[in-house]
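Hi,

Here is the structure I promised to pass on to you. Have a look at it first, and then read my notes below.

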Amino acid sequence: MKLATYYPNEFIASKLEDLSYELDNYIDYVREMNNAFSNLKGLGDLSKTLVKTNIHKTWGLVYLLVKLSLILLVATATVERAFSSMKFIKNDFRNRIGDDFLNDCLVCFIEDEVFESVSNDAIIDRFQNMTTRRVQLK
């Protein structure tokens, strides 16, 4: 229930109350169905089992909470990676870099696999044409 409060867009006050009842009923239901839920190793297995048994439709709020829990680790890692990358992009020499330009630089830095197929000249031209600069980037 506490995890659901961190997602106010998905769980408004009325849905939080519904989730509380749904979780209680879901726990009772799972305890009765020993075989399908007995050997699960984690949230990924739980999610797969909910879909495989078609229970995810019945317990929609529980399934949403499981999905959000699975996404949380990836989202946190992505944010940490972005902040770590920012140290390389925004250093003492580029201390006054604007937010939009910083964002574009971070995308190029973090998603380097995507930009391997794009020539450096094309990227430089794109950045140069975005706004007027005091100095040419080439």
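Among contacts (heavy atoms within 4.5 Å) between residues at least 6 apart in sequence, 40% join residues at least 24 apart. Please keep in mind that this is a predicted model, where local features need pLDDT of at least 70 and side-chain atom pairs count only at pLDDT 80 or more, while totals for chains, interfaces and linings use all residues. Residues are numbered from 1 along each chain as its sequence is written, and side-chain values use heavy atoms, with hydrogens and water left out.

The chain has eight helices and zero strands; both are DSSP runs numbered from the N terminus, with at least four residues of H or I for a helix and at least two of E for a strand. Of the 138 residues, 25% are buried (under 20% relative accessible area; exposed is over 50%, partly exposed in between, with a 1.4 Å probe and protein chains only).

Now for the rings: there are two aromatic pairs. Rings of Phe, Tyr and Trp (its six-membered ring) pair if their centres lie within 6.5 Å; planes under 30 degrees apart are stacked, over 60 edge-to-face and the rest tilted.

Tyr-26 and Trp-59 are edge-to-face, 5.8 Å centre to centre with 70° between the planes. Tyr-26 sits in helix α2 and Trp-59 in the loop between α4 and α5, so this pair ties together parts 33 residues apart in sequence. Trp-59 is buried, at 12% relative accessible area. Tyr-29 and Trp-59 form a tilted pair, with 45° between the planes. Tyr-29 is partly exposed, at 30%.

Best wishes
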